[in-house]
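Here is a briefing on one protein chain. Please look over its sequence and fold before reading the notes.

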Amino acid sequence: MIPRYTTPEMKALWSEENRYQAWLEVELLSCEAWARLGVIPEAAVTGLRERCRVDVGRIEAIEAEVKHDVIAFVTAVAETAGEAGRYLHYGLTSYDVVDTALSWLMRRAAGLILAELHQLAGVLAD
């Protein structure tokens, strides 16, 4: 986005950090579902929620080596997760993570746009 044409909220929503946070949330929700099915230990999911962190610099460094954004992301996040990190990305494809997170971010962006439109409608009505 061109900075002068965006709001601070929209800029934050589409930041690299937030995109990776959305990817992480998809990964964690998937692990929670696997745990409910008895495939992944509940304790591992708890550990993942507590320990997983996003480090954009680390992800970028790994991506420069492996030339794949999701592999870089999973590798970097798994490094922060300890032993439970082996359950990250279980049963998922790259597109499962990227597309699901993108849909969630687009929905949030639409909510921000709708709020601005409602505000504009009020100004126009006045």
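Contact means heavy atoms within 4.5 Å. This is a predicted model, in which local features need pLDDT of at least 70, side-chain atom pairs count only at pLDDT 80 or more, and totals for chains, interfaces and linings use all residues. Residues are numbered from 1 along each chain as its sequence is written, and side-chain values use heavy atoms, with hydrogens and water left out. Helices are DSSP runs (H or I, at least four residues), numbered from the N terminus.

- Ser30 is found in helix 2. Ser30 counts as buried because its relative accessibility is 15%; the cut-off is under 20% relative accessible area, with exposed over 50% and partly exposed in between (1.4 Å probe, protein chains only).
- Not counting residues up to four places away in sequence, Ser30 touches Tyr90 and Leu92.
- Glu27 also lies in helix 2. Glu27 has 1% relative accessibility, so it counts as buried.
- Glu27 touches Phe73, Val74, Leu88, His89, Leu92 and Val97, again not counting residues up to four places away in sequence.
- Glu27 and Tyr90 are 63 residues apart along the chain, and their C-alpha atoms are separated by 8.4 Å.

**Nonpolar core**
- A nonpolar core is a set of buried Ala, Val, Leu, Ile, Met, Phe, Trp, Tyr and Cys residues joined through side-chain atoms within 4.5 Å.
- The largest one has 34 residues; Leu48, Cys52, Val54 and Phe73 touch the most other members.
- At least two residues of this core come from each of helix 1 (8-13), helix 2, helix 3 (42-51), helix 4, helix 5 (69-81) and helix 6 (94-125).
- Helix 2 gives the most, with eight residues.
- Leaving aside neighbours within four places in sequence, Cys52 is in contact with Leu24, Leu28, Gly47, Val77, Thr80, Ala81 and Leu88.

**Helix 2 against helix 4**
- The axes of helix 2 (residues 16-36) and helix 4 (residues 56-66) come within 10 Å and cross at roughly 80°. Axes are lines fitted to C-alpha atoms over the stretch in contact, with angles from 0 to 180 degrees between N-to-C directions.
- Helix 2 is therefore roughly perpendicular to helix 4 (65 to 115 degrees).
- Glu16, Glu17 and Tyr20 of helix 2 meet Val56, Ile59 and Glu63 of helix 4.

**Helix 6**
- Helix 6 has 32 residues and reaches 46 Å from its first C-alpha to its last, close to the 46 Å expected (1.5 Å times one less than its number of residues).
- Its buried residues are Val97, Ala101, Leu105 and Ala109.
- The buried residues of helix 6 pack against helix 1 and helix 2.

Conventions: Angles under 35 degrees count as roughly parallel, over 145 as roughly antiparallel, 65 to 115 as roughly perpendicular and the rest as oblique.
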